[in-house]
Every structure is written in C-alpha cells, then in structure tokens.
Amino acid sequence: MKPSIFMLCLTVMVFLSSCKTDPKNKNVASDTIQATSQKNDSPSKAQERDKADSLITETVAAHGGALYDKAHYKFGFRDKHYTFQNKNGGFIYTVTGQKDGNEIRDVLEKGILTRTVNGDTAELSPKDVVKYTEALNSVVYFATLPHKLQDAAVNSSYDGRTTIKGQDYDVITVTFDPEGGGNDHQDEFRYWINADTKTMDYLAYNYETDGGGVRFRSAYNPRNVGGIRFQDYVNYEAPIGTPLKELPELYESGDLKELSRIETEEVVELGE
C-alpha cells in the first residue's frame, strides 16, 4: 500500500484504501498503464522519471537491496506482533494481537485475508476485509520502506535537491496508477534521499480518506538486522492543504506538531 499511518498493490490492492490508519502497500503491477504513461512523457518528464528511478534503486540498495526479495522477519508494533515473508515475487504477512482475552490472528497471502480467533476461522464482512487488509499492508509497507517504491504501480519523478539541517537531499515525488495503486491511489508521497548515504531520512504524504491529512516523518534509530536497515519515525502533522515541498522548512522552524512515534520494535530475522 503505498502508504494511511503505518495504515502503502496487491491483487490484494483490490481491497485497499489506506496505514491511515495513513496509507499503503502497492504490490500489484500495472504494466500496461505504466508503459502507456511513460510513452506519452515529454523528454523532461522522462528525464525526471529516469533520475527518480535511479535514485530509488540506489536507496533500496542502501537499505537492503536484493535481501528484501527473500526477507523473512518478525517485529512488534503497538502491542501487536507482525511477520512478513517475501518469496518468489509474492509475500505472506501476519499480525497477531489480543482483544477481550482472545488471540486474533490475520494472515494475508496471495491477496486473501484470513482471520482466526483462538485458532478458529472467523468470518469477516467485506468492509472488515478491506479494513484489516489495509491496516496490515500499511504497517509492513512503512516498516520496509523504501522496498515497495519499485512496485509497478509507482510513478516517480525527481524534484531536485534541497537542504535539511545542513545536509543535502535529493527529492523524489511518488504517485500511483489507479490500477494497482489502491482506492487511495490519489495520495501523493515525497521522499528526501540523503545525497551522501542514499538513505531515506525523511518522507511526507497527503491523503484524502477519513477527512484527509498531511504528514511529515523524520527517521531515527536506524539499525541493521540481517543486512536490512530498519528505522523508526517521528510522525508530524501539518494543516490540510500544506504543500509537501514546504514541510522541511516548517520542520526546521519547529512549526510542525508531533502526532506520534512510529516505532518498529524487537526486529528479528527468521530466515527462509
């Protein structure tokens, strides 16, 4: 699901709408649409896209590269336990938590969400399938950024270079194709890539679901687990309608409100 907070595509994306909670996971390809849009690009747009694609490749490499293709990890987030396993171009995501003394476990595999309560299969309404698929996708999406920026539904452009706290950053804007981009494909994301380390140190997005919103995230606590970089984020809120390009300046001036902390805890590599 591209990304609704750690709410980020899927044959699964037929369900999706936000870790919006905020956004998303974009796993399903839209090769025909993307090829058409690329063919109609002006030379300058094509250059921006090629520059952005090159930067995304470098950034993914800096965070783990090919290790993502067979990554299998578990981690904690907000009193729930998650796992993700990437294999043969597909994935399996799980989340386990407690509610009213019952263990609730969701498994997302091949675009299908299955829920069990205390080990017994539970029926979900179509609305709840969308809700819980979206939420699981979103958490894993943000935990594994920038991995999903190479999905086929992603449309990227290079927006030049800027400086945040004295460090140079290359700026990438990302939008999504309607097909494969989820019900909230209209959301816009922006990523600030460290010009020296190629790491993704800041990101921002706007979204329209649940009344809409604008978020800016600053990465901290980076650590390497089994060759893959995991990092946490301070999640800031900006007034609806604030252009994403203005957020770094507002961040540096202290004019953004801290909304939450996005902390991926007890990350453990599980192996194949």
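A residue counts as buried under 20% relative accessible area and as exposed over 50%. Keep those two cut-offs at hand for this tour of a predicted model.

**The whole chain.** Start with everything displayed as a cartoon, coloured by secondary structure: you have four helices and 14 strands to explore. Of the 272 residues, 51% count as buried.

**Stop one: Asp 79.** Select Asp 79, in the loop between β1 and β2 (80-87). Is Asp 79 buried or exposed? Its relative accessible area is 77%, so Asp 79 is exposed.

**Stop two: Ala 66.** Go to the loop that runs between α2 (43-63) and β1 (72-77), where you will find Ala 66. Because its relative accessible area is 60%, Ala 66 counts as exposed too.

**Stop three: Ser 218.** Finish on strand β11 (residues 213-225), and pick out Ser 218. Ser 218 has a relative accessibility of 8%, which means that this residue is buried. Show side chains here and include Tyr 251 in the view. What does the side chain of Ser 218 make with the side chain of Tyr 251? The two side chains make a polar contact, at 3.3 Å.

How values were computed. Residues are numbered from 1 along each chain as its sequence is written. This is a predicted model: local features need pLDDT of at least 70, side-chain atom pairs count only at pLDDT 80 or more; totals for chains, interfaces and linings use all residues. Side-chain values use heavy atoms; hydrogens and water are left out. Helices (H or I, at least four residues) and strands (E, at least two) are DSSP runs, numbered from the N terminus. Buried means under 20% relative accessible area, exposed over 50%, partly exposed in between (1.4 Å probe, protein chains only). A polar contact is a pair of N or O atoms within 3.5 Å; within protein, one must be able to donate a hydrogen and the other to accept it, and residues adjacent in sequence count only if both atoms are side-chain atoms.
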